[in-house]
Amino acid sequence: MVFSADALSSALLDNDWTGFLLKQGVPFLSPEFILILTLLLIIVLSLFSVGKTENKPENAINSPVVSLLASNSWNLAMGGTVLALLTVIAHYFLFFFNHFDVGYSVLYGMFKADLLSVASRTFLLVGFIIVLLMSKRYVATFMAKQASEFFAILLTAFTGAMFLCGSIDFVSAFVSLETLGISSYLLVGYLRNNQQSTEASLKYLVYGGASSALFLFGLALLYGLMGGSTSLETLPLALNSGVKELSAWLPIALVLVMAGVGFKISAAPFHMWTPDVYEGAPTPVTAFLSVVSKLAAFVFAIRFLLPFAGHVGSVTILVSLLALLSMLVGNTIALKQTNIKRLLAYSTIAHAGYLLLGLTVLQYHSLATVLFYLFTYVFMNLGAFACVLVTSDLLKTETIADMAGLGKAKPMLVAMFSIFLLGLAGMPITAGFFAKLFLFQALVTENPITLGMVLLALVASTVSIYYYLNVIRTMVVAEPSDAVKALMGQTESNAGCALMAGGGTSSLCGSTSMRWAMILSLAGTLLLGVLATPIMTVCDVAMYELIQAGKQLEPESAQPPANVGGVTTSASSTNP
Amino acid sequence: MSVAVTPEIGLSTYLVLASILFGLGFMGVATGRHLMRTLMCVELMLNAVNLALVAINNTVNPGDLSGQVFAIFVLTVSAAEAAVGIAIVIALFKNTGSVDADAFKELKG
């Protein structure tokens with residue numbers, strides 16, 4: 001952590017705020033600023049909407065604009081997110097036209113605005129837009145009174161995830177991880193009169209608290225090993241020059257940090273919370289956790305593990321163990337699940353296994369395939385959860401057996417659900433196939449050990465095809481269950497879901513926002529397959545630049561840092 | 001401002017103490033039945049790390065305060081975590097009338 005008081009005081013003296021902010025690279029944080037402003041606005045405005053419904057305080061502001069904004073927290077959140085997405089897209093142009101090879105260090109080396117963080121934040125924002133679309137009608141139905149707080153907390157959690165994508169300092173990584181974590185505990189327990197929801201929240205809190213303490217202990221030990229620096233960028237340099245007393249602690253520190261990250265990505269020995277939390281949490285929150293939290297934590301894992309590329313041995317063993325265990329546990333326990341949300345939870349664990357496999361080889365191409373896999377996973381998993389949300393709302397149950405014969409009642413819904421599940425299974429046409437193909441291809445040619453692990457992963461994903469197809473078979477082939485028969489009866493007697501939605505009842509499937517969420521996920525799942533080459537190129541460039549930026553810091557290949565447009569790049573601004 | 005690390009008490013002493021406290025906290029989280037005790041044990045783990053951070057800071061790089069600043073960040077975060085934790089325990093107590101970890105068996109499988 002480097003704070004240069006001189007820069008601040010000179011900016012104060014010269015009254016040159018714009019120059020100061022530009023020099024610190026603050027514009028690269030504009031999406032985060034927009035999100036934070038949006039959530040503050042929602043919190044402040046929610047104070048006025050409370051006065052509207054119950055006993056109104058006398059000094060309440062009676063402006064129609066304020067009350068209109070206060071009752072539209074969803075629109076505010078959506079507007080802020082779309083604006084943030086536009087600013088992130090604007091960052092691409094900066095990268096492509098100005099050739100900022102190594103990216104910017106922002107906020108005194110706390111945050112790295114490189115292509116990796118820009119690309120991952122783009123997909124995070126798109127995923128978050130889908131989560132918002134999914135949650136609109138759900139929130140209006142089940143938690144109408146606390147809607148604005150829900151979106152404020154959701155935005156807080158999401159801002160934490162956005163910061164985590166670019167964190168290159170222990171302090172910023174820990175704080176953003178905890179921002180994401182603590183808000184997630186609240187979101188999971190948001191249905192506070194529902195015992196399942198609060199119980200899931202408690203389990204998440206206890207496991208999460210313990211694992212973040214483990215993570216922190218690992219960071220503290222690394223801080224000592226690195227000779228009193230908290231920056232990830234100095235990790236490769238400092239690994240050799242640390243205190244001798246501590247060097248025995250390095251493997252322990254690594255294991256502890258990976259325990260914290262493994263918890264967030266639900267990798268196998270740290271996966272215990274996943275099925276319970278996924279089942280108990282409100283479904284939009286489950287979708288949020290399975291995608292946003294995972295993507296952000298994986299980007300941090302990439303950043304954290306990369307400096308160890310020179311000391312591969314222990315890292316490879318550790319990550320391979322996590323990967324193999326995750327694939328084994330996820331795929332075998334998923335086979336006997338009867339609840340669809342629990343099934344998707346175990347499938348998430350299995351996917352964490354495939355993704356971790358890519359981290360065993362710290363080469364730019366294999367890391368890029370991991371990134372591509374994560375991007376496709378955003379759409380497939382969000383789509384699957386959107387379908388679960390609609391199905392469980394129609395049938396009032398989440399049991400797979402009760403979904404039997406749904407294809408006869410809702411053919412379009414079942415068709416979409418099937419595409420998402422086939423995508424998760426890695427079937428051709430969908431992006432999931434290309435993601436698995438690229439990942440396994442990158443690993444097969446590396447060395448005999450990774451070849452063996454790819455073979456194991458292929459076996460594991462063959463097993464996974466069984467339980468995904470079993471859900472599709474139940475929905476399409478099996479005789480209609482009682483719940484489906486009741487649904488068909490409703491539709492025939494003209495009280496079906498499309499009409500009920502117009503009447504403002506609890507039906508989700510007629511909602512436009514829900515439909516958009518599914519269409520966006522479907523488009524992503526199919527288009528990412530078609531556009532695999534350009535997106536894969538972006539991932540490759542992002543990872544290549546990340547590795548180049550790391551190499552510039554090493555002593556033997558020290559190059560003069562490139563100054564672009566008078567603004568210092570990260571290599572020179574890490575340690576003034 | 002800082003804990004004095006005297007020559008007689010080396011860094012490893014502090015680290016061993018921090019590890020013991022951390023281990024006690026972890027044991028408490030793993031075996032504790034009362035939810036409030038579980039939350040307190042999580043706090044104990046975080047504070048054990050704070051001790052380690054401050055001790056490492058004073059031994060390894062006394063001129064730079066980043067370890068101590070980190071510890072202050074950890075304090076803030078752990079306060080937020082405690083507040084959320086107690087809120088969740090209260091919500092759970094309203095639903096079930098119990099704060100015993102064994103009483104919660106809705107979610108299994």
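Are A:Phe217 and B:Phe22 buried or exposed? Both of them are buried. Keep that pair in mind while going through the views below, and remember that this is a predicted model.

**View 1. Where chain A meets chain B.** Start with the whole contact region: 47 residues of chain A are in contact with 45 residues of chain B. Together the two chains bury about 3900 Å² between them, and carbon and sulfur atoms give 76% of that area. On the chain A side, look for A:Leu202, A:Phe217 and A:Tyr223, which supply 16% of the area that chain A buries against chain B, more than any other three residues.

**View 2. The helices on chain A's side of the contact.** Four helices of chain A, namely α8 (170-188), α9 (195-225), α12 (273-280) and α15 (340-359), each bring at least two residues to the side that touches chain B. The top contributor is α9(A), with 22 residues. Sort the residues of this side by kind and you get 25 nonpolar, 14 polar and eight charged.

**View 3. Polar links between the chains.** What does turn up is four residue pairs in polar contact between the two chains, counting pairs with both residues at pLDDT 80 or more.

View 4. Over all chains, the structure holds 25 aromatic pairs. In this one, the ring centres of A:Phe217 and B:Phe22 sit 4.6 Å apart with their planes at 15°, so the pair counts as stacked. A:Phe217 belongs to helix α9 of chain A, while B:Phe22 belongs to helix α1 (residues 11-31) of chain B, so this pair joins two chains. And, back to the opening question, both A:Phe217 and B:Phe22 are buried.

**View 5. A stacked pair inside one helix.** Now for a pair within chain A: A:Phe300 and A:Phe304 are stacked too, at 6.2 Å centre to centre and with 25° between the planes. Both residues lie in helix α13 (residues 283-305) of chain A, four residues apart, which is about one turn of the helix. A:Phe300 and A:Phe304 are both buried.

**View 6. A cluster of rings in chain A.** Which residues do ring pairs link into a cluster? They are A:Tyr185, A:Tyr204, A:Phe263, A:Trp273, A:Tyr278 and A:Phe385.

Technical notes:
Residues numbered from 1 in each chain as written. Chains lettered and ligands numbered in written order. Predicted model: local features only at pLDDT ≥ 70, side-chain atom pairs only at ≥ 80, totals over all residues. Heavy atoms only, no water. Contact = heavy atoms within 4.5 Å. Buried area = accessible area lost by both parts, 1.4 Å probe. Polar contact = N/O pair within 3.5 Å; in protein donor to acceptor, adjacent residues only side chain to side chain. Nonpolar A, V, L, I, M, F, W, Y, C, P; charged D, E, K, R; others polar. Phe/Tyr/Trp six-rings, centres within 6.5 Å; stacked < 30°, edge-to-face > 60°. Buried < 20%, exposed > 50% of the residue type's maximum accessible area, 1.4 Å probe, protein only.
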